[in-house]
Amino acid sequence: MAVRQGGAASEGNPRLRLALQNAKNANLPKDNMERAIQRGNSKDAITCTEVTYEGYAVHGVAIMVECMTDNLNRTVAALRTIFAKHGGSLGKSGSIAFLFDRKGAFTIRKTAVTEEALTVEMIEAGAEAIHSASDHFCITCSPEAFGKVQQRLERLQIVIEDAKLQHLAKPLTSVILHQQAEEKVIELIDTLEIYEDVQRVSHNMVTRM
């Protein structure tokens with residue numbers, strides 16, 4: 001998808017650069033990446049559509065499912081079946097989207113830069129927040145600032161461990177479940193994630209120990 005939308009030259013295609021970086025972080029062989037670019041740039045390449053579906057799991061947990069598919073009818077039928085088998089239901093467009101914010105998220109290692117220096121650079125690039133984890137910094141931004149943040153990190157020669165656009169549950173919209181209650185929700189999420197058309201699954205479930 002990144003190749004078809006922005007071309008096969010990574011220098012002028014930020015989305016392709018990001019895809020290649022994530023592939024490297026996942027230890028995907030270079031030959032596999034090159035073949036994927038060639039297939040995407042071929043006249044015979046299958047045209048895929050990016051689409052997000054919304055639904056509910058048991059206990060009222062909201063689920064956002066981001067897909068890439070060459071057959072919308074096949075995908076929606078498969079997702080409807082998966083939701084139903086796990087006690088949930090696939091909803092209409094807009095039925096739960098209001099519970100989430102669309103955000104960009106970057107992960108970098110702490111050894112790459114000091115928190116003070118990173119904060120200054122990221123604020124200038126348009127980032128909204130920087131969170132410190134055990135050995136990583138997590139940077140969040142609006143979708144509109146995603147490219148600027150990516151370019152600033154690249155200019156600083158900071159290796160991006162992971163980068164993505166994702167749906168984050170808004171404050172006060174989370175569904176809090178005990179561990180036993182969350183098992184069926186996790187089963188649904190796991191089944192969705194292994195379906196070939198699914199790219200990412202987001203939810204508003206929080207576990208209470």
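Analyst: Two strands pair if DSSP finds at least two bridges between them, where strands (E, at least two residues) and helices (H or I, at least four residues) are DSSP runs numbered from the N terminus. This is a predicted model, in which local features need pLDDT of at least 70 and side-chain atom pairs count only at pLDDT 80 or more, while totals for chains, interfaces and linings use all residues. Residues are numbered from 1 along each chain as its sequence is written, and side-chain values use heavy atoms, with hydrogens and water left out.

User: Which residue in β7 does Arg 102 stand opposite?

Analyst: Strand β4 covers residues 100-109, and it runs antiparallel to β7 (residues 162-169), to which it is joined by eight bridges. Within this pairing Phe 106 has Ala 163 as its bridge partner, whereas the residue opposite Arg 102 is His 167.

User: In what order do the four strands form the open sheet?

Analyst: Strands of a sheet pair through backbone hydrogen bonds, either parallel or antiparallel. On another pairing of β4, six bridges connect it in the antiparallel sense to β6 (residues 136-141), with Ile 108 opposite Phe 137. The pairing in the open sheet is antiparallel, and the order of its four strands is β5-β6-β4-β7.

User: How many of the 10 residues of β4 are buried?

Analyst: Buried means under 20% relative accessible area, exposed means over 50%, and partly exposed lies in between (1.4 Å probe, protein chains only). By this cut-off β4 is mostly covered, and the number of its 10 residues that are buried is seven.

User: At roughly what angle do the axes of α5 and α6 cross?

Analyst: Axes are lines fitted to C-alpha atoms, for helices over the stretch in contact, and angles run from 0 to 180 degrees between N-to-C directions; contact means heavy atoms within 4.5 Å. Helix α5 (residues 115-125) packs on the sheet and touches β4, β5 and β6, while α6 (residues 146-155) lies across β4, β5, β6 and β7. Residues making the contact between the helices include Leu 118 and Met 122 of α5 and Val 149 and Leu 153 of α6. The two axes come within 9 Å and cross at roughly 140 degrees.

User: Why are α5 and α6 described as they are, and what is the word for it?

Analyst: Angles under 35 degrees count as roughly parallel, over 145 as roughly antiparallel, 65 to 115 as roughly perpendicular, and the rest as oblique. Because their axes cross at roughly 140 degrees, the word for α5 and α6 is therefore oblique.
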